[in-house]
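The model is predicted.

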Amino acid sequence: EYKERHSEFIKEIHQFPLMPLLTYFPVLPNETFSIRMSHSQQKLMIRRIMLGDQKLGVFGIGVGGSMMKIGCECEVIDLISQPEGAIHVTLVGRNRIKIIESSEVDGYTVGKVEYFYDKIILSSSSVSSLTQREDSEIDERHITEIVEEVKELAQVWIEKALSLEETSRATTIIDNAGPMPENDDYSLFSYWACSLLPLTEIDKDYFLTNLSVRDRLLKLVVLLKTRSPEKSCYL
């Protein structure tokens, strides 16, 4: 009986990982951002994270000021202690997650989470941790055509951004986005393209919660055509 309970406990841990949760703003996979942490509870949380897998969940603020249910698993990629005692933490979004339940430990929030997957087939080959294979009637050839259009628009966007007089901000964003994914993981590709754009919180909420890669790619086509680097956050 003990072995059975222990086995169920281990299974639940793997199915619903327990991780620290932070209310900040909506974050997408592949997005790089920095947070200055000065409260003692936040610094305690970060110290404990660095002793483990260096990951935490970051969530936007929902209606009434509560933590949104869908957010992003983020990984600490840089940490600098400031002279006044604060900690400057740089993170990158990895995977979408959904809160199953949450509680408070030593002044900060922790919760059981599950990974939040797309519900369509993205390619005929292997699929990364961002995706999950399921039956779908979506025409993959059409998805491929949309991907090619987004690639072309993204390349034009990058060239325009780098041609501006003030390019330092553009260069930082493009560097943080990293190189365009070369494999056929369309989900990862969609979030790479998102990381180039100046997105509002409403935009990010859409890209976080939408389960259709095709819909996200079509949205990116519109945004890449209508949001000019000259009027974006690059300036």
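## A pair within helix α3

K151 and E148 both sit in helix α3. They are 3 residues apart, about one turn of the helix. Their side chains form a salt bridge, at 3.6 Å from N to O. K151 is partly exposed, with a relative accessible area of 24%. E148 is also partly exposed, at 38%.

## Pairs across the chain

The salt bridge count comes to 9. One of them joins D106 and R48, at 2.7 Å from N to O. This pair links distant parts of the chain, 58 residues apart. D106 lies in the loop between β5 and β6, and R48 in helix α2. D106 counts as partly exposed because its relative accessibility is 47%. R48, at 38%, is partly exposed too.

D118 forms a salt bridge with R96, and their closest N and O atoms are 2.8 Å apart. D118 lies in the loop between β6 and α3 and R96 in strand β5, so the pair ties together parts 22 residues apart in sequence. Both residues are buried. Salt bridges with shared partners join R96, D118 and R216 into one network.

## Helix α7

R216 is among the buried residues of α7, as are V213, L217 and L220. Helix α7 covers residues 213-226. Its C-alpha span, first to last, is 20 Å, close to the 20 Å expected.

## The largest pocket

The largest pocket holds about 390 Å³ of space. Its lining has 22 residues, with E31, T32, R169, I173 and S195 nearest the centre. β2, α4 and α5 each give two or more residues. α4 gives the most, with 5. By class, the lining has 12 nonpolar, 7 polar and 3 charged residues.

Methods:
Residues are numbered from 1 along each chain as its sequence is written. This is a predicted model: local features need pLDDT of at least 70, side-chain atom pairs count only at pLDDT 80 or more; totals for chains, interfaces and linings use all residues. Side-chain values use heavy atoms; hydrogens and water are left out. On a 1 Å grid over the protein atoms alone, a cavity is a set of points where a 1.4 Å probe fits but cannot get out, and a pocket is an open set with protein on both sides within 12 Å along at least five of seven lines; lining residues have an atom within 4 Å of a point. Grid points are joined across faces, edges and corners, and a volume is the space filled by probe spheres set on the points. Helices (H or I, at least four residues) and strands (E, at least two) are DSSP runs, numbered from the N terminus. Ala, Val, Leu, Ile, Met, Phe, Trp, Tyr, Cys and Pro count as nonpolar, Asp, Glu, Lys and Arg as charged, and the others, Gly among them, as polar. The expected span of a helix is 1.5 Å times one less than its number of residues. Buried means under 20% relative accessible area, exposed over 50%, partly exposed in between (1.4 Å probe, protein chains only). A salt bridge is a side-chain nitrogen of Lys or Arg within 4 Å of a carboxyl oxygen of Asp or Glu.
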